[in-house]
Amino acid sequence: MTVMSHISVQHPASTTRGDHVARFLRNYYIYFVLVAVVVVLSVANLDRFDLFERGNFLNPSNIINILRVSAPLLTLAGAFTLLMVSGYIDLSVGSAMSLSAVVYALLAINGVPFLAAFGITILVGVGLGAINGFLVARLKITPVIATLITLSLYKGVALLLVQDGVSAIKSGGGLSMPGWFNSYGREGVLVGLPMAFWVAVLVTIVLVIAQDRTLLGKYAAATGGNPTAAKLSGINTTRIVFLLYVIVGVSAALAGIARSSFMSLGDPLSGDGMELSAILVVLLGGTAFSGGEGRVLRSFVGALIIMALTVGMLTLVPAYYQTLVLGSALLAAAASNHLISRKEKAS
Amino acid sequence: MSDETFITLLVASVAVGLFVVASVSVPNFFQPLTMLNLVTNNWAVISLGVGVTFLLVSGNFDLSVGGVVALSGVLAVWFAQSPDGANPLSTGLGFPTWLAIVCALGGALAIGGLNAFFVVRLSVPSIIVTLGTMMVARGIAQVITQGSQRNTNLPDDFGMLGNLTMFGTSVKLPVVLMVILVVVAVFIEKKTVFGRLTYWAGENAVAARLSGIDTAKHVTYLYLFSAAIAGTVGILLASEFKSGFSNRGTLMEFDALVIALLGGVAIAGGFGSVVGMFFGALILAVVTSAATGMILSPDWQFILKAIAVFLAITTQTWALAWRHR
């Protein structure tokens, strides 16, 4: 799997019809999966065939609700894709998200205005990402270990920021959350969707452009495809990796703000398991875990699928089926990625 | 002295050093009971650490052990519960206890087999596979317990194994089993062909395969071995508390990984030892119990764990570099 095959748009003229079909499937299968999930969930919920009536999956308020809940994962998907494309991983995103949520709620409850609280939390995200970047890129600690260390560290700090005997930062004890606090994650500003969702879309657009039109995207793919070759061709892989961790940190902060605003509290455990969801959507989007390949937009769609599945499933089966379904989806995504990449290598 | 002995000695002296510091600075720390508790309170994680260490040495992760602990415990309880319960959560299959245990172990081995299939046959990275199987195992446990636990309508002998005290002391059977497991594992690791092949497979998988070692079979055995340990731990815990709890063992997979890393096991494979892992567990135990003794909030344990692993990794890298300067 070379870097060139990923970057170049032209394909050799000798490709057969079968190759085109395979490539088409690989590029667009994620959209078919999304449609299939939506159709299955809609039909499964039907008593009658009035698709758009209240109580059915395709009911606009249900769609809006799903997209609102999805904002944190949608925000994370793009940055996480770029990081995995470069062959690295961040297990601390969940903890970074929790810590940002707690910081943001703490600032808001102590009277800091919206924009300042927002800005400071983003800066915290930059810092958290920079710590990861420093451990991995500078100190050369294996990504899995380095981010396992920070997973524990950020979680510990988040728990310490919330005083003993209270489960989360919330109104009470003389302090109360300002009125604007949950409008960011809940109040519709455009077609009924809140700011948090549009920020996720904006982040994704920026990262799609970064991947397709800037050196960052090319260098990330080169680093993941063949680190030695990338270094030898003069790419400063250390800086690229550091930068990617910072971008993931900022996305985690934005995700934390979205979650915190949606729930109206700063819960130090709110991001738990987010690293699993992030890995899941990125793999679902067809990113190769060995690095070098993957598209930001496809992971975004992957996140939509997972959220539709988790929320939609609640109407079909009890909530305790969720872990099993998500785990199976993760294994299925990993296996299908493998089969696809093996077929490409063979051809 | 090999690098491995060097690192193991380093880890052991850090453990002893920390213990001395804790004994001096923490009131009531230097007591026989405290020392005993450092080991007995951690029997589950140390047992899991054995399987995880072997796999890490062979170059593979196993993050599914926490999920398997939950799954096998829940399965054992479900199989053993009598079939005439008043509600779904107190109604089981009514197997005799021994059969329930055997079947629960079978469930654990199935997860190990799944790990091996994805890692060996499909060559999917082990970290992703075992994160997936962790969720699948815990997911099945959650479905069987409807997201909570089963603890009623169990035969009396179900609670025996986990609570059996040994040699007239307060030490329970699981602790003794853990000690036996560690001793046997050290023997396998140091003295048997199987143990040495594990290092070869982790050091250089391609060279190992080219020299005629069936690494696929080897790694399969290791995953089954690890799942069997995790399954046993799950059953013993279920027996100790007489309940099958779907959230039992949460984060145990990370603790098992952490103690292996503290003990000098290299994540890239080919390096590390069970003895090192054992001392790694002692380091973690001393640090966390000393923190509790100094009345730090329990939230500190996450930060202390992070600092301990960071220091362990950097010190070991630095010590090896210094040795080879």
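Which residues touch the most other members of the largest nonpolar core? In this predicted model, they are A:L244 and A:L280, and the core they belong to has 215 residues. Helix α11 of chain A, residues 237-263, gives the largest share of that core, with 16 residues. As a bit of background, nonpolar side chains in soluble globular proteins tend to be buried together.

If you skip residues up to four places away in sequence, A:L244 touches A:L82, A:L83, A:S86, A:Y88 and A:A220.

Next, how much should we trust what we're looking at? Chain B has a mean pLDDT of 89, with 100% of its residues at 70 or more. Chain A averages 85, and 90% of its residues score at least 70. Within chain A, the element with the highest mean pLDDT is helix α5, residues 114-138, at 96, while helix α1, residues 3-7, has the lowest, at 42. Residues 1-13 of chain A have pLDDT below 50, and beyond near neighbours in sequence that stretch has 18 contacts in the model. Where pLDDT is low, the predicted coordinates should not be read in detail.

On to where the two chains meet.

Now some helix packing inside chain A. Two packed helices are described by the angle between their axes and the distance between the axes. Take α12(A) again, this time with helix α4 of chain A, residues 93-109: their axes come within 6 Å and cross at roughly 125°. Are those two perpendicular or oblique? At that angle, α4(A) and α12(A) are oblique to each other. On the α4(A) side you'll find A:V93, A:G94 and A:M97, and they meet A:M274, A:E275 and A:A278 in α12(A). That contact consists of four nonpolar residues, one polar and one charged.

The other pair to look at is helix α8 of chain A, residues 195-213, with helix α13 of chain A, residues 296-313. Their axes are 9 Å apart, at an angle of about 150°. That makes α8(A) and α13(A) roughly antiparallel to each other. Helix α8(A) contributes A:T204, A:L207, A:V208 and A:Q211, and α13(A) contributes A:V296, A:L297 and A:F300. By class, we get five nonpolar and two polar residues, with no charged ones.

Let me finish with a few single residues. In chain B, phi of B:N153 is near 60°, which is a positive value in a residue other than glycine. B:N153 sits in the loop between β1 (149-150) and α7 (160-163) of chain B. With 19 other C-beta atoms within 10 Å, B:N153 is partly exposed. B:L251 also isn't glycine and has a positive phi, near 70°. You'll find B:L251 in the loop between β2 (244-245) and α12 (252-262) of chain B, and B:L251 is partly exposed, with 13 other C-beta atoms within 10 Å.

Moving into helix α7 of chain B, we get to B:G162. Leaving out residues up to four places away in sequence, what does B:G162 touch? The partners are B:P174, B:L236, B:L237, B:S239 and B:E240. B:G162 is partly exposed, with 18 other C-beta atoms within 10 Å.

Last one, back in chain A: A:K170, in the loop between α6 and α7 (183-186). Buried or partly exposed? A:K170 counts as partly exposed, with 18 C-beta neighbours inside 10 Å. Setting aside residues up to four places away in sequence, A:K170 touches A:M177 and A:L265. The C-alpha atoms of A:K170 and A:Y28 are separated by 43 Å, and these residues are 142 residues apart along the chain.

How values were computed. Residues are numbered from 1 along each chain as its sequence is written. Chains are lettered from A and ligands numbered from 1 in the order in which they are written. This is a predicted model: local features need pLDDT of at least 70, side-chain atom pairs count only at pLDDT 80 or more; totals for chains, interfaces and linings use all residues. A nonpolar core is a set of buried Ala, Val, Leu, Ile, Met, Phe, Trp, Tyr and Cys residues joined through C-beta atoms within 7 Å. A residue is buried if 20 or more other C-beta atoms lie within 10 Å of its own, exposed if 12 or fewer, and partly exposed in between; C-beta atoms are placed from the backbone. Helices (H or I, at least four residues) and strands (E, at least two) are DSSP runs, numbered from the N terminus. Two residues are in contact if their C-beta atoms, placed from the backbone, lie within 7 Å. Axes are lines fitted to C-alpha atoms, for helices over the stretch in contact, and angles run from 0 to 180 degrees between N-to-C directions. Angles under 35 degrees count as roughly parallel, over 145 as roughly antiparallel, 65 to 115 as roughly perpendicular and the rest as oblique. Ala, Val, Leu, Ile, Met, Phe, Trp, Tyr, Cys and Pro count as nonpolar, Asp, Glu, Lys and Arg as charged, and the others, Gly among them, as polar. pLDDT is the predictor's confidence in each residue, from 0 to 100.
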